[in-house]
Amino acid sequence: MQERKTVLITGASQGIGAGLTNAFLERGYNVVATSRRVSQSDEIEQSDHLARIDGDIADAATAKAVAETAVSRFGSIDALVNNAGIFFTKPFVDYTMEDYRRLTATNLEGFVHLTQLAVRQMLTQKSGGSIVSITTPLVDHPIAGVNASVAMLTKGGIEAVSKNIAMEYAKEGIRVNTVAPGVVDTPLHKDNPKDFLRTLSPMHSISSVQEIVDAVVFLTEAPHITGEVLHVDGGAHLGRW
């Protein structure tokens with residue numbers, strides 16, 4: 001039996017992904033962190049319990065390298081956080097098929113590549129496991145003026161597939177949940193005016209990276225929560241404000 005659990009984290013080089021990597025290391029996990037340039041990230045702590053894999057998660061070879069590194073170096077895959085994702089807004093009629101392909105490659109194909117490998121390994125280990133993916137309240141609570149329809153096709157897909165996987169593998173103890181952040185203070189929003197961003201939730205608040213990290217860690221370690229969507233959005237999913 002492994003002393004330490006091993007977690008895989010995508011989109012790990014900055015923002016929420018870097019925060020997650022550091023938090024799980026501090027909690028005594030082995031971490032396999034991946035992103036296109038994760039080896040160059042100075043936001044992640046150095047550790048003997050950390051493996052960094054550079055690559056595009058849309059490429060199946062990246063997922064394969066992540067899963068194989070976890071098993072060969074640390075001996076198990078106990079948890080996965082699908083944090084990598086891209087998001088951009090356009091009027092629906094202006095989204096191109098190239099936009100669609102970019103969004104689905106990272107957000108959906110990336111999810112399928114690595115989640116399949118993680119679940120296969122968890123089934124082999126017969127000790128359960130956790131999968132947490134990052135989505136958004138915009139999936140089923142659109143905001144007027146935030147035109148994200150095709151991006152939500154992918155994020156909504158992650159919520160739907162997560163609930164179905166949760167049911168499919170409940171008897172094996174594999175739990176599958178999502179965290180739906182509202183606006184988070186990350187590099188994604190560095191050029192957006194904070195006053196405007198605060199209007200996107202009824203609490204007029206912007207979440208810190210740490211709040212999202214705390215939510216993911218909670219779901220990863222909560223033994224009886226599966227198929228859940230945890231909103232960390234200042235109440236944006238509640239409706240009009």
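**Pocket, cavity and ring pairs**

Helix α1 supplies the largest share of the lining of the largest pocket, 3 residues. This is a predicted model, in which local features need pLDDT of at least 70, side-chain atom pairs count only at pLDDT 80 or more, and totals for chains, interfaces and linings use all residues. Residues are numbered from 1 along each chain as its sequence is written, and side-chain values use heavy atoms, with hydrogens and water left out.

Stay with the pocket. On a 1 Å grid over the protein atoms alone, a pocket is an open set of points with protein on both sides within 12 Å along at least five of seven lines; lining residues have an atom within 4 Å of a point. The largest pocket holds about 1,500 Å³ of space. Of its 49 lining residues, G85, I86, F87, T186 and L188 are the closest to the centre. At least two lining residues come from each of α1 (15–26), β2 (30–35), α3 (97–125), α4 (149–168) and α5 (194–198). Helices (H or I, at least four residues) and strands (E, at least two) are DSSP runs, numbered from the N terminus. The lining divides into 22 nonpolar, 21 polar and 6 charged residues.

A cavity is a set of points where a 1.4 Å probe fits but cannot get out. The whole structure has 1 cavity of 30 Å³ or more. The largest cavity has a volume of about 70 Å³. Its lining includes T10, I57, N82, T106, S133 and K155. Two or more lining residues come from each of α3, β5 (129–134) and α4. Helix α3 gives the most, with 4 residues. By class, the cavity lining has 5 nonpolar, 6 polar and 1 charged.

Next, the aromatic rings. Rings of Phe, Tyr and Trp (its six-membered ring) pair if their centres lie within 6.5 Å; planes under 30 degrees apart count as stacked, over 60 as edge-to-face and the rest as tilted. The count is 2 aromatic pairs. F24 and Y29 are edge-to-face, 4.8 Å centre to centre with 80° between the planes. The F88 and Y95 rings have centres 6.0 Å apart and planes at 35°, so this pair is tilted. F88 and Y95 are both buried.

T69 sits in helix α2 (residues 60–74). T69 counts as buried because its relative accessibility is 19%. Setting aside residues up to four places away in sequence, T69 touches V32, A51, I53 and F74 (heavy atoms within 4.5 Å).

Notes: Buried means under 20% relative accessible area, exposed over 50%, partly exposed in between (1.4 Å probe, protein chains only). Grid points are joined across faces, edges and corners, and a volume is the space filled by probe spheres set on the points. Ala, Val, Leu, Ile, Met, Phe, Trp, Tyr, Cys and Pro count as nonpolar, Asp, Glu, Lys and Arg as charged, and the others, Gly among them, as polar.
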